Each structure stands twice: as C-alpha cells, then as structure tokens.
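Please read it alongside the sequence and the structure shown here.

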Amino acid sequence: PLGVRHRPGDGITGHVAVSREVYVTESATRDPRVRARADEAAYLDRARSHISVRICSQENVVGVMHIALDEGRSFNPDNVRLVTTVADIAANALHRAMVVEGLEAEVAARMVELRAANAKVLRTARSKDAFLETVSRKLHTSLNAILRLSEALQEEAYGPCPKRQLKPLHTIDRNVQGLLEM
C-alpha cells in the first residue's frame with residue numbers, strides 16, 4: 001500500500017532502502033524479511049515472485065516500489081531491468097515534482113514580498129501626491145498674492161509708482177503668470 005513507512009533495515013522495504021539493492025524473493029510467505037500486515041497476507045499467498053526496488057531522487061531514497069507476479073512466474077533479468085527503469089523514471093518524476101513544489105513555494109514567497117513592496121510604493125505615491133497637492137496649493141496662493149500686490153503697485157494703490165519700477169513689476173507679473181499656468 002502507498003504511504004506505509006518502515007524503519008530503515010526493517011522488512012524488505014527497510015532492507016532495500018538501506019542496502020539500495022534490488023531484492024527478489026520467490027516466496028513472500030517463507031521469506032524471513034517479509035513483514036506483512038494481516039490485510040496483506042491473502043495477497044502474498046497468491047503471488048509467487050516479488051521484486052522490490054528503491055526509488056532514489058538525487059541519491060536520497062524516497063521510496064521503495066514492490067511488484068508481485070502471480071503463481072507460476074518468476075522475475076528474470078529483463079524484468080529486473082524493466083522494473084529498475086520504471087523505478088528510475090518514477091524517481092525522476094518525483095524529483096521534478098519536488099523541484100516544482102519548491103519553485104512554487106519560492107514564487108509564493110516572492111509574491112508576498114512583491115505585494116508588500118507594491119503596497120509600500122502605493123503608500124509612498126499617495127504621500128507624494130498629497131505633498132505635491134499641498135505645496136501646489138500653497139504656492140498658488142502665494143503667487144496670487146504676489147500678483148495682486150504687483151498689480152496694486154502698478155495701479156498706484158499705495159501711492160505713486162516711479163516709472164523705473166514699472167518694468168520690474170511687469171517682469172514679476174509675466175513670471176508669476178507663467179508659474180500659475182504650470
């Protein structure tokens with residue numbers, strides 16, 4: 001059954017995991033390494049020959065594959081090579097799945113970081129916009145006051161305006177108007 005765990009060295013599974021050897025037995029009911037549970041006994045009685053092969057990913061044993069043949073048949077060298085090849089393919093698939101799982105975890109962690117960074121950028125942008133809006137409003141108010149004062153001086157609201165001051169006052173008006181239009 002899938003997911004059954006054995007201690008290293010215990011039973012055929014534990015032996016294959018530790019020794020990394022292919023293990024073939026012609027009689028599971030008489031093999032001293034077999035550790036069968038009650039629900040496996042009937043199955044083991046029907047099968048004649050069993051093979052157990054380790055499944056390794058990057059030199060680490062990740063499982064053991066067991067295959068049984070019905071009575072009257074035994075595993076030959078070609079069968080052993082085939083089962084070993086299937087185990088290698090399974091190991092490769094498991095390794096790739098673990099790599100993908102690791103990459104998915106890295107991507108998920110990076111997405112969390114990116115969301116946090118994006119939120120910070122948005123907060124900073126909102127702060128910048130609020131600051132610029134405040135500065136713009138205050139600057140606009142000040143420029144309007146300068147413009148009104150310049151116009152009042154030109155209209156001699158505060159008394160006579162010497163002719164030599166009119167040119168600088170017109171320059172002030174022109175520059176203030178340009179700034180207000182921005």
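1. Where is Glu21 found? Glu21 belongs to the loop that lies between H1 and E1. The model under discussion is a predicted one. With a relative accessible area of 43%, Glu21 counts as partly exposed, because that class covers values between the limits of under 20% for buried and over 50% for exposed.

2. The surroundings of Glu21 may be described next. When neighbours within four places in sequence are left aside, Glu21 is in contact with His15, Val16 and Ser52. Leu147, by comparison, is 126 residues from Glu21 in sequence, and the two C-alpha atoms are 95 Å apart in space.

3. The sheet is open and consists of three strands in the order E1-E2-E3, with antiparallel pairing. Strand E1 (23-25) and strand E3 (60-70) are the edge strands; each has a single partner strand, and therefore one side of each has no neighbour in the sheet. From one strand to the next, the twist averages 15 degrees. In general terms, the strands of a sheet pair through backbone hydrogen bonds, in either a parallel or an antiparallel manner.

4. Strand E2 covers residues 47-57 and is joined to E3 by 10 bridges, the two strands running antiparallel. Within this pairing, Arg54 has Val64 of E3 as its bridge partner. Helix H1 (residues 11-19) packs on the sheet and touches E1, E2 and E3, and the helix direction makes about 130 degrees with that of E3.

5. Helix H3, which comprises residues 77-154, lies across E1, E2 and E3. The angle at which H3 runs to E2 is about 35 degrees.

6. Which residues make up the largest nonpolar core? The core has nine residues in all: Ile51, Val53, Ile55, Met65, Leu69, Phe75, Val83, Ala87 and Ala91. At least two residues of this core come from each of E2, E3 and H3. Nonpolar side chains tend to be buried together in soluble globular proteins. Ala91, one of the core residues, touches Ile55, Cys56 and Ser57, residues up to four places away in sequence not being counted.

7. The largest share, four residues, is supplied by H3.

Terms used
Residues are numbered from 1 along each chain as its sequence is written. This is a predicted model: local features need pLDDT of at least 70, side-chain atom pairs count only at pLDDT 80 or more; totals for chains, interfaces and linings use all residues. Side-chain values use heavy atoms; hydrogens and water are left out. Two strands pair if DSSP finds at least two bridges between them. Axes are lines fitted to C-alpha atoms, for helices over the stretch in contact, and angles run from 0 to 180 degrees between N-to-C directions. Contact means heavy atoms within 4.5 Å. A nonpolar core is a set of buried Ala, Val, Leu, Ile, Met, Phe, Trp, Tyr and Cys residues joined through side-chain atoms within 4.5 Å. Buried means under 20% relative accessible area, exposed over 50%, partly exposed in between (1.4 Å probe, protein chains only).
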